[in-house]
There are 6 protein chains.
Amino acid sequence: MKVTVSRKAHFNAAHRLFRKDWTASQNNEIFGKCANPHYHGHNYELIVHVKGPIDPQTGYVIDMKVLKDLIKEEVEERMDHKNLNEEVAEFSNLIPTAENIAVVIYDLLKPHFNENQELSVTLYETPRNYVSYSG
Amino acid sequence: MKVTVSRKAHFNAAHRLFRKDWTASQNNEIFGKCANPHYHGHNYELIVHVKGPIDPQTGYVIDMKVLKDLIKEEVEERMDHKNLNEEVAEFSNLIPTAENIAVVIYDLLKPHFNENQELSVTLYETPRNYVSYSG
Amino acid sequence: MKVTVSRKAHFNAAHRLFRKDWTASQNNEIFGKCANPHYHGHNYELIVHVKGPIDPQTGYVIDMKVLKDLIKEEVEERMDHKNLNEEVAEFSNLIPTAENIAVVIYDLLKPHFNENQELSVTLYETPRNYVSYSG
Amino acid sequence: MKVTVSRKAHFNAAHRLFRKDWTASQNNEIFGKCANPHYHGHNYELIVHVKGPIDPQTGYVIDMKVLKDLIKEEVEERMDHKNLNEEVAEFSNLIPTAENIAVVIYDLLKPHFNENQELSVTLYETPRNYVSYSG
Amino acid sequence: MKVTVSRKAHFNAAHRLFRKDWTASQNNEIFGKCANPHYHGHNYELIVHVKGPIDPQTGYVIDMKVLKDLIKEEVEERMDHKNLNEEVAEFSNLIPTAENIAVVIYDLLKPHFNENQELSVTLYETPRNYVSYSG
Amino acid sequence: MKVTVSRKAHFNAAHRLFRKDWTASQNNEIFGKCANPHYHGHNYELIVHVKGPIDPQTGYVIDMKVLKDLIKEEVEERMDHKNLNEEVAEFSNLIPTAENIAVVIYDLLKPHFNENQELSVTLYETPRNYVSYSG
């Protein structure tokens, strides 16, 4: 009997989409205004989902306070008010598309859960575009 | 060919998280301010999902009016403007965490659906915390 | 390693729910005020989800601009500011319930994706009622 | 010492924007696809605001249950699941733009409030367009 | 040249609406299920608005971090996860309707602003009911 | 008889808050992580409000299509996917706080309205922080 608990968090960051091994015109063709060398940015809204059995002692799948603090430590402190391309090591050789950011966040959080807890993440880049990843 | 239909509902309730067999300090350690003996409360926002085949006569998986009335009868009348610990029988020996409330709601609704209809419930305890359960 | 990308869109349309082979009173009994011969309408909010591998060149599952344009071409231009019963060919013999509209949208979009891309659609008929379909 | 209380409600309706005394091409030029003779529709989300003194006996500006019932009686029963042009008398000679609908709703509700209570209404035609009117 | 800045916050609390000087049946007649002696509760969503001139040095009307901390200190620490009737001194002789809670919050915050800063508060008791107060 | 019409729009941008005439440590003290030299960013959600008389011919205060295009031309094309500090002339000597951005947007739009039309703008920097300006 497994229940999924979901916790929302958020961070604001700058980024740009481009490949160093492409010319400016190649980058423009594929990434359009997202390739702007001066960067643009987003309010990323993150939802972390953990599916697992309910602890019969506490009635919790996971203590939301613990989950909130984990997201703060692993995600917000690393990415909030940062330039993802310039300041977050995981993107030094990885384009910070929403898809890749979701995978990076999943990989940062995954070691904190046990084998009975299934992790997935949903990341809103804008209120109209979002991605989900579950490993 | 199955489609999932989802219907939103809501109820407002008081609750507290604590175990009668724990001391006040044990309860405080695990449940923090949620253990407050004077209770606190939430606007619970509920989404009930039913996945099933489309009835070729009506184009419905289930008549939303029927689903709305069922949620009203089984959930809202039982829990709305109530103290979950004191007034809802299902929680007389069960901690009313969001996880447990979702399981209780699922169990209340489940007998009303047939074997071709898959039920799941999503329960928002706050706009930032929610749980999902599908049996 | 598959990621799901989701894109929101919207269209406003009129519709009514009724069967030509039923009497008015039969239609009223089943569809209630949704059978109103003068029509009513909705702001349909659509979310299209595509699950697939990340293209290692671009970091995209699919370019959101491409997905946006595809939704515009296949769904918005066909259904926005239209009377679904009278003006959208797919509903000439199919009741435009939310369930059926979701299936029609899925079928319109499906041919544009390859076998590695899993399509699903979520359609909000109102902020309180929505349906999902994934083939 | 006046407080404003606000209550949300909603109704779904069909409408079209056109003038009987204009040609089809004049209507198309001004109203575009909103002039579609087959109608389109919206989920109208309504917020009714009442500013007044707090009743020292009850702590209420107005009982929300009374306000909810008033909106149901004067607005929802008149407009929900209706064709505004064809079935709502107020629009037999008035174009049902969001602006005009808001004024009509205000005029319907106004007689129910006393001189110490200031009424205003906000009407969302879509999640992206809304209007407000306060007399 | 004045700009209004608005900051959202939230707290969860239990309450009941009743007058000690009324009988149970009088309370039931006026307050209905809100009079439940076992309490019910809400997720209160609060928006604090401050209208004032822009500081030409910082470009701020008020530093949002300062406003956030002020709301936390004066409102959240007093009311979050509390029983408003039993544990918040301001309601020992005042019915905790949304209207009265808004006035109490306004009065708690008001002394922190200068004569050039106009304060107002908006308080959502549920997503469908809210109140506003500006002194 | 004046009605207010409101139209939502959005743009994504990078910015930083700092004064060139302050040291890094002064900037850090006042602007905190918002002073990050590598920038961060936001999804700005903009609402433009126009209060005016209803045109008796059309039932419009202003054609929403005209308002949408005006916002696109004056605001989105200037600011979307841009670095506000580096690429938007208005901020070459003005700190791009939400307050200042709102004033700049107001000033850009104002010349397009006549004396009977009252303009105001609301700008969400995040879903939790927003500002309003009406001249």
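Start by selecting chain A: its secondary structure comes to 4 helices and 5 strands, where helices (H or I, at least four residues) and strands (E, at least two) are DSSP runs numbered from the N terminus. What you have open is a predicted model, in which local features need pLDDT of at least 70, side-chain atom pairs count only at pLDDT 80 or more, and totals for chains, interfaces and linings use all residues. To find your way around, residues are numbered from 1 along each chain as its sequence is written, chains are lettered from A and ligands numbered from 1 in the order in which they are written, and side-chain values use heavy atoms, with hydrogens and water left out.

**Stop one: chain A**

Colour chain A by secondary structure and trace it along the sequence: the pattern is β-α-β-α-β-α-α-β-β. Along its principal axes, the C-alpha trace of chain A spans about 60 × 25 × 25 Å. How much of chain A is buried? Buried residues (under 20% relative accessible area, with exposed being over 50% and partly exposed in between, using a 1.4 Å probe and protein chains only) make up 59% of the 135 residues in chain A. Now look at contacts, meaning heavy atoms within 4.5 Å. Among those in chain A between residues at least 6 apart in sequence, 70% join residues at least 24 apart.

**Stop two: the copies**

Chain A and chain E do not touch, and their nearest C-alpha atoms are 14 Å apart. No contact joins chain B and chain D either; there the closest C-alpha atoms lie 14 Å apart.

**Stop three: two helices in chain D**

Select residues 64-79 (helix α2) and 98-109 (helix α4) of chain D, which pack at an angle of about 140° with their axes 10 Å apart. Those axes are lines fitted to C-alpha atoms, for helices over the stretch in contact, and angles run from 0 to 180 degrees between N-to-C directions. α2(D) and α4(D) are therefore oblique to each other; angles under 35 degrees count as roughly parallel, over 145 as roughly antiparallel, 65 to 115 as roughly perpendicular and the rest as oblique.

Which residues of α2(D) and α4(D) make the contact? Show side chains for Leu70(D), Glu74(D), Val75(D), Arg78(D) and Met79(D) on α2(D), and for Ile101(D), Val104(D), Ile105(D), Leu108(D) and Leu109(D) on α4(D).

**Last stop: Asn116(D)**

Move on to Asn116(D), in the loop between α4 and β4 (118-126) of chain D. Asn116(D) is partly exposed, with a relative accessible area of 42%. Leaving aside neighbours within four places in sequence, Asn116(D) is in contact with Lys2(D), Lys51(D), Gly52(D) and Pro53(D).
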